[in-house]
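Here is a short report on one protein chain.

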Amino acid sequence: MLIKFLDLQQLNHKYLPDIHSRLAEVYTSGWYIQGKQNTQFSQNFADFCGTRYALGVANGLSALSLIIKGYGFGAGDEIIVPANTYIASILAISQNQCTPVLVEPSIDTYNIDVDLIEQHITKNTKAIMVVHLYGQVVEMSKVWELAKKYNLKIIEDSAQAHGATYQGKVVGNLGDASGFSFYPGKNLGAFGDAGAITTNDTVLYNTVKALANYGSHEKYHNLHKGENSRMDEMQAAIVDVKLSALSEENAARRRIATYYSTHIHNPDVILPSVASEEGHVWHLYVVRVRNRSHFQQYLLDHGIQTVIHYPIPPHKQVAYKEWGHLSFPITEKIHNEVISLPLSPVLSREDMQYIVDTVNKYVE
């Protein structure tokens, strides 16, 4: 027996009849790019996030990169970003010739330590990129204050936090613009690569809409040096079907996470810290263990599959070898110790109980 970390076949099974119906519409329409499905999903997703606009794009990295490009940020401009994020957040900054300024996270929430941001702001700082890591929303009040004080843009990396809320507002509507990923394993996952941008900024929306379409609002008339970053009609149809059940699935994730947090009692396993129930949608249930490789092998030997998100921090990646001399001890501690337990809406009560019992029996 193996309890999969994430069983996508089972997770997507209940959607298949509606997805097949919507895909049939796409097949017979003869319109496969920027058509009815994109229009419908964009409106529904904007409504879900509470924003004026949503734009389907190719993937989450592209969403963030287009936002930065849309604001006209470039060489010499600095963007603050958490040091322990997935590398896509940082790649989006680098791709626009901007300088990523890495800030340590909180050891409790794993999100950017908002009390450390101000000391990293310089005359070249243009934006703060907040990453709602593992599904938990960043403490935004302090970020809002700093953005107002220094006239900075707030860019949300919402790739892991679809539907999380803060002070009654949904992620994607907590800054000036937000990038989403619909990679298949996300809380709202496509059947391939896809992403979205949300914003209330009309000028930015019109700009990124053109940038994602070769820099063009009108065919063969190019206002910008753009790129090809469009969500195809099939992926738009799929995520639109699944969007209707996102809140229900997030609630199921919360129930599983609560069960874990209530029943795991092992002093060798550090459980995640939660600021508020509605502020976490549990894309991942991440624990910390000092001897992670031993713990992972122990669980696998007992039929439980786990994943490490992420084993190497960005400043230790070969791609950013110029940062090799930098030290971020909290980030490094997190990346050396974190491991994600299975968590998805299709996990059975028996599986949950088995996972809890197995974790509780672990001896370092």
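A disulfide is a pair of cysteine sulfur atoms within 2.5 Å. By this rule the count is zero disulfides. The model is predicted: local features need pLDDT of at least 70, side-chain atom pairs count only at pLDDT 80 or more, and totals for chains, interfaces and linings use all residues. Residues are numbered from 1 along each chain as its sequence is written, and side-chain values use heavy atoms, with hydrogens and water left out.

**Accessibility**

Buried means under 20% relative accessible area, exposed means over 50%, and partly exposed lies in between (1.4 Å probe, protein chains only). Helices (H or I, at least four residues) and strands (E, at least two) are DSSP runs, numbered from the N terminus.

| Residue | Relative accessible area | Class |
|---|---|---|
| Cys49 | 2% | buried |
| Cys98 | 6% | buried |
| Gln136 | 2% | buried |
| Gln167 | 58% | exposed |
| Tyr214 | 43% | partly exposed |

Gln136 sits in the loop between E4 and helix H6 (140–150). Contact means heavy atoms within 4.5 Å. Leaving out residues up to four places away in sequence, Gln136 touches Thr109, Asn111, Ser273, Val274, Ala275, Gly279 and His280.

**A covered helix**

Helix H5 (residues 87–94) is mostly covered, with six of its eight residues buried. Those are Ile87, Ala88, Ser89, Ile90, Ala92 and Ile93. Their cover includes helix H4 (60–70) and strands E2 (78–82), E3 (99–103), E4 (125–131) and E5 (153–157).

**Two packed helices**

Helix H9 (residues 246–263) packs against helix H12 (residues 349–361) at about 30°, with axes 10 Å apart. Axes are lines fitted to C-alpha atoms, for helices over the stretch in contact, and angles run from 0 to 180 degrees between N-to-C directions. Angles under 35 degrees count as roughly parallel, over 145 as roughly antiparallel, 65 to 115 as roughly perpendicular and the rest as oblique. H9 and H12 are therefore roughly parallel to each other.

From H9 come Ile256, Tyr259, Tyr260 and His263; they meet Arg349, Met352, Gln353, Ile355, Val356 and Asn360 in H12.

**Backbone exceptions**

Most residues other than glycine have a negative phi, and most peptide bonds are trans. Gln167 is not a glycine, yet has a positive phi of about 50°. It lies in the loop between strand E6 (165–166) and strand E7 (169–170). Tyr214, also not a glycine, has a positive phi of about 65°. Its loop runs between helix H7 (202–211) and strand E10 (216–218). His309 and Tyr310 are joined by a cis peptide bond, with omega about 15°. Tyr310 is in the loop between helix H10 (292–301) and helix H11 (329–337).
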